[in-house]
Amino acid sequence: MLSQDSNDDTEDVALFDAEEEAAARPRKSKIRHPVASFFHLFFRVSAIVVYLLCELLSSSFIACMVTIILLLSCDFWAVKASSQENKAVSEAESRIFWLGLVACPVLWVIFAFSALFSFRVKWLAVVTMGVVLQGANLYGYIRCKVGSRKNLTSMATSYLGKQFLRQNTGDDQTS
């Protein structure tokens, strides 16, 4: 069942005991900040495209390296909210943000192995900068999301332990 609110967003209606979960995490699918979402992905993807096409477009390695590093250092995820209602980030925006934040460092790691195994030493410096800059950005956002006091290793261990116990005690009833 779906209900319409005054902003024309659709929201799932919680059934029975699921009301607490729905109240904790409202589901909004509308992208409220399309410009920020676009540029968040644009800078990350354009750095990858410039890396892939750099030898075809320019003969200057330094110009390519500087362009890639400048694109990687851009972070366009600063959205100012004017009211309490606008502070809520939609689920679609959250997925776009985390997809770009996680997928790009993975691609830079793949490029690093490719440059290493193909003996392209000068490009290894560029992809190393890509891994470092994107990895630091990902690490920083994960620390902000989890909290600076919590240890990421203990959080991951706790999560995996809970999943293991849930799986072995039969909490996920499949019948």
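## Close-up views of a predicted model

**View 1. Leu101 sits in helix H4.** The model shown here is predicted. Leu101 is buried, and its relative accessible area is 1%. A residue counts as buried under 20%, so Leu101 falls well within that class. Beyond its neighbours within four places in sequence, Leu101 contacts His40, Arg44, Asn137, Leu138 and Tyr141.

**View 2. Helix H4 packs against helix H5.** H4 covers residues 91–117, and H5 covers residues 121–146. Their axes come within 8 Å. They cross at roughly 150 degrees. Angles over 145 degrees count as roughly antiparallel, and H4 and H5 are therefore roughly antiparallel to each other. The crossing of H4 past H5 is left-handed. On the H4 side, the contact includes Phe97, Trp98, Leu101, Trp108 and Phe111. On the H5 side, the residues include Trp123, Leu124, Asn137, Leu138 and Tyr141. Which classes of residue make up this contact? There are 19 nonpolar, 4 polar and 1 charged.

**View 3. Phe119 lies in the loop between H4 and H5.** Phe119 has a positive phi of about 60 degrees, although it is not a glycine. Most residues other than glycine have a negative phi. Is Phe119 buried or exposed? Phe119 is exposed, with a relative accessible area of 72%.

**View 4. Helix H2 packs against helix H3.** H2 spans residues 34–57, and H3 spans residues 61–73. The two axes are 8 Å apart, at an angle of about 165 degrees. That angle makes H2 roughly antiparallel to H3. Their crossing is left-handed. H2 contributes Phe43, Ser46, Ala47, Val50, Tyr51 and Cys54 to the contact. H3 contributes Cys64, Thr67, Ile68, Leu71 and Leu72. By class, these residues are 9 nonpolar and 2 polar, with no charged residues.

**View 5. A disulfide joins Cys54 to Cys64.** The sulfur atoms are 1.7 Å apart in the model. The count for the structure comes to 1 disulfide. Cys54 lies in helix H2 and Cys64 in helix H3, so the pair ties together parts that are 10 residues apart in sequence. Cys54 and Cys64 are both buried.

View 6. Cys104 is buried, with a relative accessible area of 5%. Cys104 is also one of the H4 residues in the contact with H5. Cys144, in contrast, counts as exposed at 64% relative accessibility.

**View 7. The protein chain has 6 helices and 2 strands.** What pattern does the chain follow along the sequence? The pattern is β-β-α-α-α-α-α-α. The chain has 175 residues, and buried residues make up 22% of them.

Terms used:
Residues are numbered from 1 along each chain as its sequence is written. This is a predicted model: local features need pLDDT of at least 70, side-chain atom pairs count only at pLDDT 80 or more; totals for chains, interfaces and linings use all residues. Side-chain values use heavy atoms; hydrogens and water are left out. Axes are lines fitted to C-alpha atoms, for helices over the stretch in contact, and angles run from 0 to 180 degrees between N-to-C directions. Helices (H or I, at least four residues) and strands (E, at least two) are DSSP runs, numbered from the N terminus. Angles under 35 degrees count as roughly parallel, over 145 as roughly antiparallel, 65 to 115 as roughly perpendicular and the rest as oblique. A crossing is left-handed if the near helix is turned anticlockwise from the far one by less than a right angle, and right-handed if clockwise. Contact means heavy atoms within 4.5 Å. Ala, Val, Leu, Ile, Met, Phe, Trp, Tyr, Cys and Pro count as nonpolar, Asp, Glu, Lys and Arg as charged, and the others, Gly among them, as polar. A disulfide is a pair of cysteine sulfur atoms within 2.5 Å. Buried means under 20% relative accessible area, exposed over 50%, partly exposed in between (1.4 Å probe, protein chains only).
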